[in-house]
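Work through the exercises below with the sequence and the model in view. Try each task before reading its solution.

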Amino acid sequence: MATWILGQSPWLHASRVRLRLDFLPPKVWSHARNRLNASLAISTQSPSSIEVEHMPLPHQAPDISVFEEMTAEYTLAVSQSPSVYTPQTSSGTLVNLIRTEDYAVAESLRKEMVDTNIPIQPHAIYERAARAVLQTKGLKNRGEAFSAWFSLVPTATEQWSSFKDIRQQLFRGSNYLNISLVIRFGLIMASKGYIAGDAQSQVLSTLARYASPATTERYISQLEMAADRLSKTNHVEVTPKQWASIYSLVIRNQVLAGREEHALQLARVAATRKRQVTDFTFSFLLEHSPDEAFTASIHELRKKISSNPYNISDVWDKRTCSHTDTLALASHLRYLRRAIISTNPPTSYSLSDFMHAYHATGRTRALLALRKKAYQHSHKAKSLWVMAEMLYHRSRNEPQLTLVVFAYHFHMIGVPRRTILKIMRLMSKRRARLSQRTSLPKHMLNRQYDISEKLWPTPYHTALVWEALVWLTPESDHERMYEYLLAVADSSASQKPISPPDSKFAPSLLQLPKRAVDAVHFSPFVKLHAKRGRPERAAGVLKDMARLGLSPGVVQWSIVARGFAEHGDPAVAVSIIERLEEDAELQRRAGVSADHADIAPSNLDIGLYTNVLRGLILARSLEHAQDMERRIRQRFEYVDGKFRATDDALRLLRDLERQMEN
């Protein structure tokens with residue numbers, strides 16, 4: 001019985017003792033070993049040892065009556081014990097460490113196994129370690145550590161995986177879109193046999209949208225080489241249809257990023273590699289063709305590599321709808337249910353107005369149903385809904401919630417990420433007070449549908465973010481934010497990656513799409529300087545816009561002109577009006593249509609005059625204000641009652657005239 005107990009003692013397992021001693025420093029282990037040897041050393045010359053050597057063995061068998069009888073309890077215990085103990089392998093120990101989430105010790109063991117050339121058996125559990133690398137903050141050599149763990153997962157033929165958790169962390173859980181990690185993720189997937197599929201498509205779409213064209217083309221070449229290696233070793237073939245889907249997806253995303261020339265170049269590369277491109281992609285290229293030479297090149301390539309060159313593109317019968325302002329709320333809801341998933345969706349302003357009207361009734365069920373339909377339909381419908389929510393908060397003067405909605409749904413690209421995160425951290429400390437103060441509707445607080453990946457922001461979304469930031473941040477941060485906006489605009493125009501001086505990712509692989517910044521992004525800074533009595537700096541912003549190739553619109557000129565009228569020289573405001581009138585006349589003589597002119601239609605023109613008139617009245621410049629009234633009545637043949645804003649300004653002018661007379 002004693003012998004069996006000693007054989008079952010868990011503290012005598014050699015592998016466990018070895019595992020613990022291996023983690024002792026070499027010096028400590030050396031001292032312990034010396035002490036152990038000294039304690040076990042018995043002199044062979046002692047009298048007791050000599051007596052033991054010459055002691056005779058017993059001649060009779062031992063008396064077994066001193067032992068207990070073998071009962072059923074002993075028999076059961078012996079039958080349950082393993083007869084032979086099998087030591088645990090290093091790969092098994094590594095798997096157990098990952099299972100217990102002891103990632104630091106697992107990393108040390110993995111490195112030791114690599115250094116000693118001990119093979120590591122592939123296992124699906126190593127996805128957890130790769131995800132833990134992505135989640136650990138402040139980790140150095142994150143890319144190398146991620147590659148080391150992720151390369152240990154089984155191949156697609158051994159055990160297929162969707163890599164849902166890793167994809168969610170890369171494309172949803174991080175506030176920074178790390179292009180280098182995305183490339184590592186895609187290439188390791190390709191080496192495991194995941195050339196085509198949802199995960200690889202997500203990588204290709206992201207690179208085509210936010211990496212340089214050279215980086216994207218180099219990645220596709222690496223995919224081709226990975227496919228060749230797989231066909232030679234594992235006999236895994238990528239079909240021509242799958243290659244056509246890969247090239248077509250990248251070409252369409254290049255077009256959406258405003259890189260039509262690079263998209264055409266990639267189509268030529270596909271032709272040299274004897275890859276096909278879907279006819280839908282060629283139709284997409286034709287829709288975004290900038291000139292006739294581009295169109296001719298597309299037709300030439302279409303005959304060579306189109307999957308169906310004789311296909312006739314469908315002509316969609318887009319649903320038209322009358323103005324919904326006069327519709328009842330129920331009718332408006334029925335229209336939105338159909339239109340939000342149609343080829344002719346409603347505008348985000350229409351959705352925002354419906355949110356206002358429906359929330360005023362005290363109900364939220366229809367809003368939740370509409371959101372569910374948009375989120376389940378497509379990324380485009382989801383982006384439209386989020387834009388409506390941002391406009392909803394903007395109209396309620398809630399810039400903090402505008403940022404929250406954006407950060408939850410979109411990659412922070414083209415916006416000052418650190419500034420947004422700082423504001424959101426401050427908001428989290430007073431979340432209860434904020435929600436009580438703003439009395440949020442239910443559908444804004446309920447996150448019933450968690451998104452699997454973040455969306456790509458459009459210039460419309462980022463323009464609202466910049467506007468919210470300008471009015472949330474202190475005056476001391478505005479200069480730094482404006483410099484960053486100039487860097488973003490220059491990067492978008494020149495198609496070069498942004499490389500801020502304090503960036504820890506150098507060189508940066510992130511490249512903004514073309515036209516990621518428009519004139520609207522600069523409007524908050526123009527308005528800020530004009531309202532705070534700095535019209536010269538507001539005019540300087542327009543000068544920077546012109547340098548970047550952005551034409552200031554009537555809205556920007558109106559803000560600057562009012563700034564000079566209210567806080568500066570009224571004569572400068574009048575000269576701006578006269579210059580705009582001259583440009584409008586030149587365009588009219590040249591036959592430029594209103595759709596292609598920089599000057600907006602007459603209702604926006606009268607808004608410009610009305611805005612300047614208000615500034616002159618507030619500055620109590622009666623003579624210039626009366627001159628502006630004459631311009632309004634002569635140029636637009638204006639009669640009272642036509643526009644409410646203009647009538648209010650003229651009423652203020654009458655009050656000023658009476659005050660000046662008294």
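**Exercise 1.** Which residue forms a salt bridge with R631, the closest N and O atoms being 3.0 Å apart?

Solution. The model is predicted, so local features need pLDDT of at least 70 and side-chain atom pairs count only at pLDDT 80 or more, while totals for chains, interfaces and linings use all residues. Residues are numbered from 1 along each chain as its sequence is written, and side-chain values use heavy atoms, leaving out hydrogens and water.

Step 1. Apply the rule: a salt bridge is a side-chain nitrogen of Lys or Arg within 4 Å of a carboxyl oxygen of Asp or Glu.

Step 2. The partner of R631 is E578. R631 lies in helix α33 (residues 622-636) and E578 in helix α31 (residues 570-590), so this pair ties together parts 53 residues apart in sequence. Helices here are DSSP runs (H or I, at least four residues), numbered from the N terminus.

Step 3. R631 also meets E581 in a salt bridge, at 3.5 Å from N to O. Since E581 is in helix α31 and R631 in helix α33, that pair joins parts 50 residues apart in sequence.

Step 4. A network of salt bridges links E578, E581, D627, R630 and R631.

**Exercise 2.** Is R631 buried or exposed?

Solution. Step 1. Buried means under 20% relative accessible area, exposed over 50%, and partly exposed in between (1.4 Å probe, protein chains only).

Step 1. R631 has a relative accessible area of 17%, so R631 is buried.

**Exercise 3.** Which residues of helix α6 are buried?

Solution. Step 1. Helix α6 covers residues 90-99.

Step 1. Its buried residues are S91, T93, L94, V95, L97 and I98.

Step 2. An α-helix has 3.6 residues a turn, so residues three or four places apart point the same way.

Step 3. Just after α6, E101 takes a positive phi of about 60°.

Methods. Helix = DSSP H or I, 4+ residues; strand = E, 2+ residues; numbered from the N terminus.
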